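Student: I have a model open and want to learn to read it. Where do we begin?

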Amino acid sequence: MSKSLPLQPGTWQLESLIDQAPVLQTLADTLADLADEGAPVVVCTADLKHSNGLVRFERRHPDRFFQFGISEQNMVSAAAGMATTGLEPYVATFASFLALLCAEQIRTDVAYTGQRVRLVGHHAGISLGFYGTSHHATEDLAVTRSMAGMTVIAPADASALAALVRAAGDWPGPIYFRIGRGREPDVYTPEQAAGMAIGSAVEHALGGDLTIIATGSSVHPSLEAARALAADDLDVGVIDMHTVKPLDAAAVARAASHSRRLMTVEEHNVLGGLGGAVAEALTEAGAPVPLLRHGMHDEYGLIGPPTHLYRHHRLDAAGIAAAAAEFLGVRSPENASADLYGT
Amino acid sequence: MSDRPVDVQALRDKALFLREETVRLIGIAKTGHFASSFSCAEILAVLYGDTLRLRRGQPDWPERDRFLLGKGHAAVALYPLLAGLDFFPSDELDSYTRLGSPFGDHPDMRRIPGIDFSSGSLGHALSAGVGMALAARLQPHQYGVYVLLGDGELHEGQVWEAAMAASHHGAANLVAIVDRNEYCLDGRVEDVVAIEPLADKWSAFGWSAHEVDGHDVEALASTFRGLTEMRRDGPAVVIAHTVKGKGVGFMEREPGWHLGYLDPQDEQLVLTELRGQG
């Protein structure tokens with residue numbers, strides 16, 4: 001930033017974006033730590049190193065940082081080539097451009113070949129707000145989940161992301177990490193998250209009336225919604241299904257046998273993502289439990305600031321609580337916070 | 001290396017062998033890409049017979065040169081070369097395209113020793129090659145990366161994304177070869193969507209561009225040798241001018257033979273014609 005620019009301090013956003021995104025800071029710092037520790041990690045990005053914070057990785061490991069410019073498909077295929085030499089590339093760009101624009105490169109060059117590429121789709125769901133549908137990704141879980149050999153992970157917060165990225169070091173085959181815009185509030189302390197394992201859901205509680213199975217950015221507001229419903233004497237539990245594939249079907253079965261109703265919550269179309277995966281597991285298990293799939297109901301997001309969109313699409317705590325209350329046939333709780341991410 | 005004379009006859013014999021094997025294997029499948037394989041037979045024969053640093057019986061040798069077949073539909077002409085390097089027993093080729101075989105119309109790196117990258121979807125291989133070339137910077141050993149592209153494949157935009165990235169990052173260990181056989185499926189490439197002036201395009205993308213007769217094994221070998229020995233600061237492309245269907249009169253420059261099948265009687269005519277050129 002030039003001293004001579006006649007700007008008000010704080011209006012120059014590029015460098016400060018990451019200051020508001022602790023989850024993205026954690027991604028960059030965890031990968032840089034892993035590289036320090038000798039892991040074969042390299043980072044690839046497509047002209048978004050400030051948006052995803054991986055500039056912090058570049059500063060610590062410039063030799064392990066590859067800038068591909070605005071050519072995401074080339075980046076994905078190149079990362080697959082890198083992985084054949086034993087490197088573990090982390091490929092990061094907006095989820096819409098990664099999982100949708102590059103779907104065929106991911107399928108053919110990464111998943112089919114079984115390469116240990118770690119795809120990081122950030123700013124997933126509707127978290128890019130008024131950027132609109134071109135920048136929203138409410139199909140990425142469905143797209144990546146349908147690829148044979150692909151593991152799909154949506155960590156709830158920074159500590160979960162750090163733990164699951166570390167767990168990826170021993171994980172065979174490719175992974176799609178789905179993260180939001182990086183401002184997701186903490187669900188876990190680093191110590192709580194340290195034991196997280198790919199494919200094993202975190203059961204916060206099972207509820208007699210309802211268990212909410214949530215993933216990624218929907219875990220924190222689901223926990224808040226459960227607390228609000230509990231204040232109305234409802235027994236509501238939450239499972240953090242951070243790994244959407246392979247799905248922890250045993251956790252789903254435990255919830256199905258404990259709870260009168262189940263509900264999935266995801267910042268994603270209700271078709272094909274977490275809701276679809278849980279519905280498949282329940283049906284195959286023959287579990288006679290009603291399921292509400294909550295998320296984007298086969299629709300595109302509106303234009304609006306992210307927090308307004310979450311409220312509109314009922315993906316904040318109040319909206320999740322209201323949807324749950326309708327499902328349970330009770331009055332919506334009045335004390336659920338509408339405020340998911342601050343302003 | 002350069003002092004060693006090019007064994008022209010051995011390379012010609014290898015190209016003939018590839019064409020014979022292509023005929024034999026497509027006879028098993030009852031359909032296949034004759035013409036696309038014939039146009040690059042000399043290119044493959046020279047790469048595997050003279051250019052690439054490989055170790056017999058060691059398909060995963062870390063220091064090996066990498067080869068990626070962008071035009072994956074010519075894989076039928078590549079498989080016999082890999083068998084010839086003892087990467088797998090050559091009689092396994094007899095399963096070509098049969099249920100459960102490793103050997104399909106397009107090459108699969110997970111199932112075939114010596115295939116450095118799977119292909120089939122045009123436009124991906126140069127990107128994967130760029131990744132391998134850049135990855136060499138973090139490896140204790142150096143290697144070259146060679147990517148064979150079809151000229152129709154150059155319609156794919158991803159090729160040019162990769163071309164930009166390769167020159168920007170100074171991938172001097174990367175060589176692309178264009179099998180310029182002038183035909184894609186729907187006709188002449190220049191009629192379908194023109195790609196000329198091709199050498200100028202690559203040059204404009206920051207590559208050193210070289211042109212060669214793609215059926216002249218001596219010219220191909222010396223061109224590739226020159227590139228491996230030249231100290232470059234960026235990637236190089238060899239535009240190999242070829243004839244689609246080369247070696248079989250009725251297939252040459254006939255788009256209908258992009259995909260086809262030979263009756264056993266016709267197969268004998270083709271083999272006789274091919275062997276007459278050896």
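Tutor: Begin with a term. Two residues are in contact if their C-beta atoms, placed from the backbone, lie within 7 Å. Keep in mind that this is a predicted model.

Student: How many residues of chain B are in contact with chain A?

Tutor: On the chain B side there are 21, in contact with 23 residues of chain A. Helices α5 and α6 (157-168) of chain B each supply at least two residues of the side that touches chain A. α5(B) gives the most, with 8 residues.

Student: How do the residues of that side of chain B divide into nonpolar, polar and charged?

Tutor: There are 10 nonpolar, 8 polar and 3 charged residues on the side of chain B that touches chain A.

Student: Which residues are buried in helix α5 (residues 103-111) of chain A?

Tutor: The general idea comes from helix geometry. An α-helix has 3.6 residues a turn, so residues three or four places apart point the same way. In α5(A), the buried residues are Gln105(A), Ile106(A), Thr108(A), Asp109(A), Val110(A) and Ala111(A). Their cover includes α3 (72-83), β4 (118-122) and α6 (140-145) of chain A, together with α5 (125-135) of chain B.

Student: Now sheets. What is the order of the strands in the open sheet of chain B?

Tutor: The sheet has 5 strands in the order β1-β2-β3-β7-β6, with parallel pairing. Its edge strands are β1 and β6 (208-213) of chain B, and each pairs on one side only. The twist averages 20 degrees from one strand to the next. Helix α9 (residues 217-229) of chain B lies across β3 (174-180), β6 and β7 (236-241) of chain B, running at about 160 degrees to β6(B).

Student: Which way do the residues of strand β1 (residues 66-69) of chain B point?

Tutor: In a regular strand the side chains alternate between the two faces of the sheet. Here, Arg66(B) and Leu68(B) point one way, Phe67(B) and Leu69(B) the other, and all are buried. β1(B) pairs with β2 (residues 145-150) of chain B in the parallel sense, over 4 bridges. Within that pairing, Phe67(B) stands opposite Tyr146(B) of β2(B).

Student: Why does Leu69(B) count as buried?

Tutor: Count C-beta neighbours. The cut-off for a buried residue is 20 or more within 10 Å. Leu69(B) has 26 inside 10 Å, so it counts as buried.

Student: What is Leu69(B) in contact with, leaving aside its neighbours within four places in sequence?

Tutor: The contacts are Ala74(B), Ala75(B), Leu78(B), Pro107(B), Ser119(B), Ala125(B) and Leu148(B). Check Leu149(B) as well: 80 residues from Leu69(B) along the chain, its C-alpha atom is separated from that of Leu69(B) by 6.8 Å.

Terms used. Residues are numbered from 1 along each chain as its sequence is written. Chains are lettered from A and ligands numbered from 1 in the order in which they are written. This is a predicted model: local features need pLDDT of at least 70, side-chain atom pairs count only at pLDDT 80 or more; totals for chains, interfaces and linings use all residues. A residue is buried if 20 or more other C-beta atoms lie within 10 Å of its own, exposed if 12 or fewer, and partly exposed in between; C-beta atoms are placed from the backbone. Two strands pair if DSSP finds at least two bridges between them. Ala, Val, Leu, Ile, Met, Phe, Trp, Tyr, Cys and Pro count as nonpolar, Asp, Glu, Lys and Arg as charged, and the others, Gly among them, as polar. Axes are lines fitted to C-alpha atoms, for helices over the stretch in contact, and angles run from 0 to 180 degrees between N-to-C directions.
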